Amino acid sequence: MTDVPGRPAAEPEPIRVLVVDDQELFRRGLTMLLAVEAGLEVVGEASDGAAGAELAATTAPDVVLLDVRMPKKTGIEACLSIKEAVPTAKIIMLTVSDEEADLYEAVKSGASGYLLKDSSIEEVAQAIRVVADGQSLISPSMAIKLIDEFKQMSRPERESGPALRLTERELDVLRLVAQGLSNKEIAARLFISENTVKNHVRNMLEKLQLHSRMEAVMYAVRENLLELP
């Protein structure tokens, strides 16, 4: 819609957030703090993974905050259910777990973010905005563990057959995604528009049948497409 001269531009739609955590005090406190953040709207909260998946299916949130370890259905299981019911929803794991296995499973299940519960409310709110924009974000302390996981997954002798379906430009974008660059930074580096970058990322995920940017990076390392420090 074109803005009418002299009329204020319409406010962007708030990012709809669902909070799922079995610790009531933490969940309620987080919900209250997020509710006053500009541009965010909390559309519901749930105390276990099963209830969270059901609520996501009815509220269709933009971003879901999930604890990893919960009753009835774990955060990893809930992540899979939510991605199936609401494919457009972005998942952020917000947890006390700094286990590499939990991080790895979260990424495989389609999570776009992984934060530890000692993160500030400002960091959580920024993570919500980042993943809602189609990017990925993990706690710095966990990023090192993810790189270590990448190195262990690397298979130097294996042919990267499926990756041959990617164009050279898509491979260029994938390499820059792996370096942690945002869509805007990738666009500037490759002298293309930000929308073009988003299209390349979407095409990559569709071709490789992957759920998130982080999973795409893990795939690229496993197939020996990237060099890690």
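A contact here means heavy atoms within 4.5 Å. By that criterion, residues 24 or more positions apart account for 66% of the contacts in the chain with a separation of 6 or more. The structure is a predicted model, in which local features need pLDDT of at least 70 and side-chain atom pairs count only at pLDDT 80 or more, while totals for chains, interfaces and linings use all residues. Residues are numbered from 1 along each chain as its sequence is written, and side-chain values use heavy atoms, with hydrogens and water left out.

The chain holds ten helices and six strands, taken as DSSP runs numbered from the N terminus (helices: H or I, at least four residues; strands: E, at least two). Of its 229 residues, 46% count as buried, where buried means under 20% relative accessible area, exposed over 50%, and partly exposed in between (1.4 Å probe, protein chains only).

Not counting residues up to four places away in sequence, Ser109 touches Ile76, Cys79, Leu80 and Lys83. A polar atom of the Ser109 side chain lies 2.8 Å from the backbone oxygen of Glu105. Ser109 and Leu210 are 101 residues apart in sequence, yet their C-alpha atoms are 9.4 Å apart in space.

Lys83, one of the residues touched by Ser109, belongs to helix 3 (residues 75-85). Lys83 counts as buried because its relative accessibility is 11%. The Lys83 side chain reaches two backbone oxygens, that of Ala89 at 2.9 Å and that of Pro87 at 3.4 Å. Leaving aside neighbours within four places in sequence, Lys83 is in contact with Ala89, Ile91, Ser109 and Gly110.

Turning to helix packing, two packed helices are described by the angle between their axes and the distance between the axes. The axes of helix 1 (residues 24-35) and helix 5 (residues 121-132) come within 11 Å and cross at roughly 70°; axes are lines fitted to C-alpha atoms, for helices over the stretch in contact, and angles run from 0 to 180 degrees between N-to-C directions. Helix 1 and helix 5 are therefore roughly perpendicular to each other, a class that covers 65 to 115 degrees. Leu30, Leu33 and Leu34 in helix 1 meet Ile121, Val124 and Ile128 in helix 5. The residues of this contact comprise six nonpolar, no polar and no charged, with Ala, Val, Leu, Ile, Met, Phe, Trp, Tyr, Cys and Pro counted as nonpolar, Asp, Glu, Lys and Arg as charged, and the others, Gly among them, as polar.

Technical notes
Polar contact = N/O pair within 3.5 Å; in protein donor to acceptor, adjacent residues only side chain to side chain. Parallel < 35°, antiparallel > 145°, perpendicular 65-115°, else oblique.
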